[in-house]
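Reader: Please show me the structure and let me ask how its labels were assigned.

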Amino acid sequence: MKVTVHVTRRSDIADPQGGAVAAALRDLGFAEVAAVRVNRRIDLEVHGTDPEVLEQRVTEMCERLLANPVMEDYQVVVTG
Amino acid sequence: MRVAVPVFPGTNCEHDTVHALRGVGAEAELVWHRETDLSGCEGVVLPGGFAHGDYLRPGAIARFSPVMAEVKRLAAEGKPVLGICNGFQILCEAGLLPGVLLQNRDLRFICRPVRLVVVSTSSMITRALQPGTVLTLPLNSYEGNYTAEVEEFARMEAAGQVVLRYCDERGRPTRASNPNGSQGNAAAVANSSGNVAGVMPHPERASERVLGSADGRRLLESFVASRARV
């Protein structure tokens, strides 16, 4: 099955990369850009059929390796 | 003092680190990251580089290398464990030090000498130094921006766990002298017992006068001398 993990920098942690992208977009004339956050998406292919079990296992992967809770949040989406 | 210097795929400061440690009297030896037995070692220095390519996050994969179980054991036994640059990032990811190292404030790789002031002698790398001493060491990193939870950082400062700060020529930790945006100008931090420390600039690259500065030697001497105290 396919699982997508979205790893996002916590909102209280500065994202200088997002800030640089926002400034560049405004320079290009996209004056409506208020803020940008650059995040990470990880796609996994996982053996198994039970979405609940998968979500639990992938959540464990996030806790142990895929995200660092000191600076990041994560969201697990089983996409089928 | 026998000191293990673990080498991960992508580590690149291991020979300088071994050389500098030998220069201050340690019996330093390289160990591959798959090593599972560091018995007989009285300390560990995790060198700089790009362990496991810095993939995912710097230190995130190195943290699970087999040798890290032994590093954790030695740390728990009170033995001195120092992480330099990428080694600092690994110690944070491994949970042996609080906080995390984010990308530099200005998103530029920084490679230049920086001034540091000793603010606390409660860690094994600063125990032999006087507070207020100003050192010059080379900084060489992209992810050097030290960040911890605000409350946790306040606790660390109160407990003397922020041991070196980036500073100006008079030893003042000003905003202008903060090269990478680190919280409180923190350049080196320690755990609450002081036996585990991480330093972002490179003491091993400033350990002989011919290198432009021998200030780093003082931190390594303090590390080696700490064995007698633990």
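Predicted model: local features only at pLDDT ≥ 70, side-chain atom pairs only at ≥ 80, totals over all residues.

Reader: What makes β1(B) and β3(B) a pair of strands?

Author: Two strands pair if there are at least two bridges between them. Strand β1 (residues 2-7) of chain B and β3(B) have two bridges and run parallel, so they meet the cut-off. In one bridge, Val3(B) is the partner of Gly43(B) in β3(B).

Reader: Which strand does β3(B) join through three bridges?

Author: Strand β4 (residues 81-84) of chain B, again in the parallel sense. Here Leu46(B) stands opposite Gly83(B) of β4(B). With helix α2 (residues 67-76) of chain B between the two in the naming, β3(B) and β4(B) make a right-handed β-α-β unit.

Reader: Which way do the residues of β3(B) point, and are they buried or exposed?

Author: Gly43(B) and Val45(B) point one way, Val44(B) and Leu46(B) the other, and all are buried. Buried requires 20 or more other C-beta atoms within 10 Å. In a regular strand, side chains alternate between the two faces of the sheet.

Reader: Why are β2 and β3 of chain A called edge strands?

Author: The open sheet of chain A has three strands in the order β2-β1-β3, with antiparallel pairing. β2 (40-45) and β3 (72-78) each have a single partner strand, so one side of each lacks a neighbour in the sheet.

Reader: How many bridges hold β1(A) to β3(A)?

Author: Seven, between antiparallel strands. Arg9(A) has Glu72(A) in β3(A) as its bridge partner. Helix α2 (residues 51-66) of chain A packs on the sheet and touches β1, β2 and β3 of chain A.

Definitions and conventions
Residues numbered from 1 in each chain as written. Chains lettered and ligands numbered in written order. Buried ≥ 20, exposed ≤ 12 C-beta atoms within 10 Å, placed from the backbone. Helix = DSSP H or I, 4+ residues; strand = E, 2+ residues; numbered from the N terminus. Right-handed = clockwise from strand over helix to strand, strands pointing away. Contact = placed C-beta atoms within 7 Å. Axes fitted to C-alpha atoms, helices over the stretch in contact; angles between N-to-C directions.
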